[in-house]
There are 2 protein chains.
Amino acid sequence: MPDTSFEPIDIATLASANPDHWKKAAAIRALALDGVAAANSGHTGMPIGMADVATVLFEKHLKFDAKNPDWPDRDRFILSAGHGSMLVYALLHLTGYEDMTLEQVKNFRQWGAITAGHPEFGHAKGVETTTGPLGQGIANSVGFAMAEESLRAHYGKKVIDHHTYVIAGDGCLMEGISQEAIALAGRQELSKLIVFWDNNNITIDGTVELSDRTDQVMRFKSAGWHVQDIDGHDAAAIDAAIVAAKKSGKPSMIACKTHIALGHAAQDTSKGHGALTDAAAMAEAKARYGWTTGPFEVPADIKSAWEAIGSRGNADFTAWQERFATVSGSKQAEFNRAFVGDAPKKLSATIKALKKSISEKAPSVATRKSSEMVLAAVNPICSETIGGSADLTGSNNTKTADLGVFDTDNRKGRYVYYGIREHGMAAAMNGMALHGGIRPYGGTFMCFTDYARPSMRLSALMGIPVTYVMTHDSIGLGEDGPTHQPVEHLAMLRATPNMHVFRPCDTVETAEAWELALSSKETPATLSLTRQNLPTLRTEHKTKNLTSQGAYVLADAEGKRQVILMATGSEVEIAMAARDILQAEGIGTRVVSMPCWELFAAQEESYRKRVLPGGPVRVAVEAGVQFGWDQWLSGERGKAAKAGFVGMEGFGASAPAEVLYEKFGITALAVADKAKSLL
Amino acid sequence: MPDTSFEPIDIATLASANPDHWKKAAAIRALALDGVAAANSGHTGMPIGMADVATVLFEKHLKFDAKNPDWPDRDRFILSAGHGSMLVYALLHLTGYEDMTLEQVKNFRQWGAITAGHPEFGHAKGVETTTGPLGQGIANSVGFAMAEESLRAHYGKKVIDHHTYVIAGDGCLMEGISQEAIALAGRQELSKLIVFWDNNNITIDGTVELSDRTDQVMRFKSAGWHVQDIDGHDAAAIDAAIVAAKKSGKPSMIACKTHIALGHAAQDTSKGHGALTDAAAMAEAKARYGWTTGPFEVPADIKSAWEAIGSRGNADFTAWQERFATVSGSKQAEFNRAFVGDAPKKLSATIKALKKSISEKAPSVATRKSSEMVLAAVNPICSETIGGSADLTGSNNTKTADLGVFDTDNRKGRYVYYGIREHGMAAAMNGMALHGGIRPYGGTFMCFTDYARPSMRLSALMGIPVTYVMTHDSIGLGEDGPTHQPVEHLAMLRATPNMHVFRPCDTVETAEAWELALSSKETPATLSLTRQNLPTLRTEHKTKNLTSQGAYVLADAEGKRQVILMATGSEVEIAMAARDILQAEGIGTRVVSMPCWELFAAQEESYRKRVLPGGPVRVAVEAGVQFGWDQWLSGERGKAAKAGFVGMEGFGASAPAEVLYEKFGITALAVADKAKSLL
């Protein structure tokens with residue numbers, strides 16, 4: 001059970017033991033109190049509890065330069081316990097990040113401020129990732145640390161050589177994703193990853209004891225971590241622990257015993273987790289901290305001391321610039337291009353050549369295999385890609401011959417065996433993309449999008465170009481049955497803002513989708529790929545990337561256009577066969593391939609109307625649920641022609657793929673019949 | 001590194017050491033080989049590797065009666081490593097489950113067979129839960145074990161007193177959900193939960209070493225488990241370990257060192273994980289097993305021995321029936337009702353009384369609070385409910401005064417502190433519902449549906465009535481920002497087959513939604529509830545449950561009906577205010593509240609057309625994305641009147657709720673303007 005008694009005497013002892021440290025930490029505590037109180041919302045206790053750890057980290061260890069926040073070789077600081085956002089805002093303001101003005105701190109959690117309720121990537125410099133959904137930060141950090149290892153191996157220590165520091169709370173460690181993350185970090189011996197566990201024994205519902213008795217020290221050791229257990233308010237102990245962690249040669253977890261809301265009446269209680277806004281209690285707490293100035297007022301000497309910390313790394317930054325200047329021009333260009341996120345110049349030509357070759361050879365292959373063919377062409381010219389799979393390498397076709405395996409003895413390897421950890425993989429990929437210099441992709445079965453979902457949403461929310469290679473994308477996977485057969489997943493992904501969902505119908509569209517994914521800077525992509533073979537439908541070579549328009553006329557009606565068939569992926573073949581049936585009966589039928597709804601929706605209305613003109617009957621066919629399709633069946637329809645859908649009405653079943661398509665009625669005949677019934 | 005050498009001598013030694021055991025295990029192995037070969041698809045190696053453990057468990061320990069598979073007090077056997085489904089099908093066939101005929105085994109993975117690729121709940125008796133998505137089974141098992149503890153406390157040992165056994169593979173243990181499950185089981189000291197870890201050191205990509213070096217024994221110990229490490233082919237060791245596990249007083253993990261595909265040429269390789277169909281290799285393996293009969297032929301003596309195991313529990317079953325008959329009539333009735341899943345008789349009257357009272361008092365409360373009001377009325381009359389929250393008890397309002405806390409010293413408690421484990425909570429709830437006798441509900445923030453998603457899908461796929469209490473269901477939660485603000489989650493859930501998504505607009509609809517959720521037998525429910533206060537809109541008491549129709553006319557047009565406004569949840573208030581604006585301008589406006597799309601879609605077309613007649617302009621308003629709404633805006637539209645949507649176009653932001661509604665333009669004025677622009 002935690003300390004439930006409130007012990008002001010400890011505060012006095014702490015303060016007097018190391019007054020210089022204490023004052024700096026007190027500045028964080030006071031700003032946290034003031035920020036939350038002004039917002040009348042937020043989480044005060046965590047920043048107060050972890051102020052000592054953060055102060056020591058920033059003062060003595062974190063390699064950063066507040067005036068050069070984009071320095072690629074800075075240490076990364078990740079607040080996995082994102083609800084304690086005032087901690088990072090206070091640190092950024094105190095150390096002198098230019099965008100983190102006092103005005104921003106005062107506008108904590110208000111419209112338009114960069115000081116969002118939880119740290120949002122892209123709002124404030126120094127916020128390395130979006131956190132709040134618990135466990136994500138610690139799992140991102142594994143990707144950051146992997147990116148660092150990879151780039152260090154590729155560019156050398158003089159260009160990349162830094163640590164990744166994380167503050168994680170009990171919530172982060174209870175979330176399952178943390179296990180995937182720490183096991184992966186342990187396996188990869190990510191020795192530059194250092195996690196501080198804010199061991200305050202408090203969750204929202206009460207003491208941790210209510211729901212957990214895990215021995216976290218033993219747990220991290222079981223995953224191969226170096227672990228220390230310290231008093232999180234003892235500056236000297238914190239410093240010594242970080243020194244030891246750096247030398248450990250392993251990922252390191254420092255269990256920091258802290259008091260949530262230290263010195264406040266709510267100390268060591270779940271109330272202390274939330275917004276502490278009572279004026280009297282705030283005044284009392286500030287008095288205990290020896291803090292005598294008004295709200296948001298930081299005494300000049302303390303602010304100066306913090307700003308000195310903020311500029312401590314400037315010499316290092318300059319030295320880094322000088323070292324970087326000695327790197328070869330081509331390496332510099334490659335580095336800069338990868339960090340900016342530009343695609344290699346050769347990408348376009350490579351994709352065009354592949355498309356041309358494929359259009360000529362017209363192979364019949366699964367699009368997961370198509371994807372591998374594209375990667376085989378693309379990986380050699382994209383040194384920034386790091387591929388992987390959640391233990392489905394041979395099924396996802398994500399590994400190409402040139403990549404090599406990323407491992408403790410081969411940091412130049414660019415293929416990651418993530419293990420059966422879809423969520424951890426997605427979060428690690430987010431971390432790599434956020435680090436910069438890396439363009440990650442990773443695969444699993446489309447159905448297990450479910451497992452990766454919280455991190456996939458964050459890819460979209462943060463606007464980072466992670467590519468999800470999701471194979472076995474329908475009942476077409478066959479015998480594995482409904483647990484493995486996505487039916488609602490396309491809808492889920494399409495409903496998610498800022499996610500490009502590509503469902504290519506053949507190798508040519510797959511190549512186009514990959515080109516778009518690899519060229520994206522602010523939008524993640526999901527490639528929905530088949531297990532089963534599909535014919536090449538794009539046999540007429542076009543240099544233009546037709547997939548970039550989202551949807552296009554694959555085959556137009558001969559004679560009077562009476563029917564428009566819309567389809568994606570494996571069902572485009574069915575639509576084409578249905579067109580044959582209908583045309584044979586004299587019914588003019590257009591087939592529209594729609595590999596990416598989001599890009600189609602982004603086209604000008606005039607283009608969309610050219611592809612989907614009013615008048616003809618519309619039938620969509622997709623081996624998933626109808627949900628969302630009405631947007632195209634009816635939503636954009638000019639005249640009130642009839643529309644229908646051929647697809648799944650519920651979950652799948654276990655049987656060979658061809659049997660399932662037949663039994664669920666997703667056939668050319670069914671599509672043709674549906675169209676005729678509407679004419 | 002694993003044994004990569006193939007050691008036939010071990011097989012002979014094993015076989016001769018315990019020939020009776022060996023023959024029975026060989027029957028499993030032979031059927032697994034034959035079943036997978038016939039399907040030309042599936043996973044042979046795992047059933048072969050775990051045949052010894054399964055044989056000992058079924059022969060010596062598992063309390064079951066093959067002829068009475070629904071015996072409520074049977075031990076539960078859960079194959080978390082669901083890809084090894086032939087193991088359970090073989091066991092069920094051999095022990096004499098009537099539905100598991102040889103014909104079914106021969107039709108493994110074929111259309112219409114109960115022998116699906118992965119075990120599907122509801123197909124074959126003896127399949128306690130649907131597995132395949134890894135980690136789910138072990139996490140379900142925590143719910144099974146909690147249900148057993150709860151029911152034992154409630155009904156006494158003579159009615160419920162059984163174990164839950166699980167076979168989990170490396171994949172299960174790598175998935176993050178396993179950590180949530182084992183930590184929760186450790187915290188709750190679920191001493192009747194026994195997990196066998198199939199420690200075969202092989203995953204699909206290769207050896208476990210490729211992606212993991214976790215010391216699983218240490219890891220389980222860190223969570224408070226009793227752990228043993230044995231040779232998984234040594235029948236005596238397996239038996240002794242199970243005996244010790246039962247006595248341990250803790251949840252128990254038995255690490256079983258096994259050889260995947262033992263005795264087959266693919267032994268100890270990742271190839272052994274998949275379908276082993278080579279005839280010569282199969283013949284060699286069978287020869288090593290001493291198996292001389294043809295495909296699917298089990299010698300009569302071995303089948304008899306297995307059937308004796310299958311009927312071993314019959315006397316226990318009869319004794320249980322006799323004990324159960326001594327229980328009071330009211331307890332028997334309660335038990336039977338709860339296991340059948342019938343709602344208490346008083347439920348309807350209780351809900352009606354609450355609705356009447358609410359309609360009169362017309363409180364302005366958040367629907368999460370409305371939900372608490374309903375639970376406060378309902379929990380006392382539903383002894384089968386077990387509530388909980390993933391560490392958001394005070395926010396989800398899931399705890400009512402009468403429940404008590406389920407804990408090691410209070411198994412009668414009906415409220416579970418799940419900790420920050422949304423996924424583990426959902427999977428545990430699935431386990432409770434599957435066990436029978438319990439109707440679980442649990443809460444988190446709507447946005448963290450993402451974390452629980454894989455288990456929520458399985459609730460729907462299995463058709464079990466779990467209730468998800470998802471609060472803070474839009475930007476209306478305010479300052480916590482976009483990581484906490486669902487925008488696509490309603491679409492995700494609505495796209496999922498067999499999921500009732502309720503988004504009530506006030507306390508009356510909340511009560512109706514709860515009545516439907518608590519009466520459901522085969523469909524899970526998600527309640528989408530607000531953080532912010534809403535007025536009571538249903539001020540005119542109706543005894544009928546209007547929510548059961550999915551959508552209904554809340555306020556009809558006065559004068560000529562020119563506009564239909566559709567809305568759910570917190571936006572119904574906005575639609576009503578928009579109606580006021582429009583009516584004031586003489587524009588006849590109907591407001592349709594749509595608390596449950598799925599139930600509305602299930603109504604007869606004539607009803608749907610009465611609610612949403614063709615002709616008027618339609619505007620939908622919901623603080624989420626438009627995705628899916630076209631179904632109602634256009635899909636069912638008779639005449640081509642215009643339609644519009646007022647809602648979110650992307651992610652939310654951090655600011656007070658009222659600011660967000662204003663900034664994102666989700667206001668009565670915006671709705672009225674949208675309608676007018678379409679007229």
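Mentor: Let us begin with a single side chain, bearing in mind that this is a predicted model. Arg187(A) has a relative accessibility of 2%, and because the cut-off for buried is under 20%, Arg187(A) counts as buried.

Trainee: Where does Arg187(A) lie, and which side chain does Arg187(A) join in a polar contact?

Mentor: Arg187(A) belongs to helix H8 of chain A, which covers residues 176–187, and its side chain makes a polar contact of 3.0 Å with the side chain of Asp407(A). A polar atom of the Arg187(A) side chain also lies 2.4 Å from the backbone oxygen of Glu209(B). Leaving aside neighbours within four places in sequence, the residues in contact with Arg187(A) include Ala223(A) and Thr408(A) from chain A, together with Leu210(B), Ser211(B), Asp212(B) and Arg213(B) from chain B.

Trainee: That takes us to the other chain, so how should I read the interface as a whole?

Mentor: The size of an interface is often given as the accessible area lost when the parts come together. Here the area buried between chain A and chain B is about 8,100 Å², with carbon and sulfur atoms giving 60% of that area. Trp111(A), Arg457(A) and Phe627(A) supply 10% of the area that chain A buries against chain B, which is more than any other three residues. Counted by contact, 98 residues of chain A meet 98 residues of chain B.

Trainee: How many residue pairs are in polar contact between chain A and chain B, and which helix of chain A gives the most to the side that touches chain B?

Mentor: There are 43 such residue pairs between chain A and chain B, counting those with both residues at pLDDT 80 or more. Helix H19 of chain A, residues 449–462, gives the most to that side, with 8 residues, and the residues of the side as a whole divide into 40 nonpolar, 33 polar and 25 charged.

Trainee: What should I look for in the charged pairs?

Mentor: Side chains of opposite charge can pair when their charged atoms come close. The rule finds 78 salt bridges over all chains, and 12 salt bridges across the interface of chain A and chain B. Asp480(A) sits in the loop between strand S12 and helix H20 of chain A, while Arg109(B) sits in the loop between helix H6 and helix H7 of chain B. Asp480(A) counts as buried at 15% relative accessibility, and Arg109(B) is likewise buried, at 2%.

Trainee: Are Glu605(A) and Lys609(A) buried or partly exposed?

Mentor: Glu605(A) counts as partly exposed because its relative accessibility is 47%, and Lys609(A) is partly exposed with a relative accessible area of 47%. Their side chains meet in a salt bridge of 3.5 Å, N to O, and both residues lie in helix H24 of chain A, 4 residues apart, about one turn of the helix.

Terms used
Residues are numbered from 1 along each chain as its sequence is written. Chains are lettered from A and ligands numbered from 1 in the order in which they are written. This is a predicted model: local features need pLDDT of at least 70, side-chain atom pairs count only at pLDDT 80 or more; totals for chains, interfaces and linings use all residues. Side-chain values use heavy atoms; hydrogens and water are left out. Contact means heavy atoms within 4.5 Å. Buried area is the accessible area (1.4 Å probe) that two parts lose on being put together, summed over both. A salt bridge is a side-chain nitrogen of Lys or Arg within 4 Å of a carboxyl oxygen of Asp or Glu. A polar contact is a pair of N or O atoms within 3.5 Å; within protein, one must be able to donate a hydrogen and the other to accept it, and residues adjacent in sequence count only if both atoms are side-chain atoms. Helices (H or I, at least four residues) and strands (E, at least two) are DSSP runs, numbered from the N terminus. Ala, Val, Leu, Ile, Met, Phe, Trp, Tyr, Cys and Pro count as nonpolar, Asp, Glu, Lys and Arg as charged, and the others, Gly among them, as polar. Buried means under 20% relative accessible area, exposed over 50%, partly exposed in between (1.4 Å probe, protein chains only).
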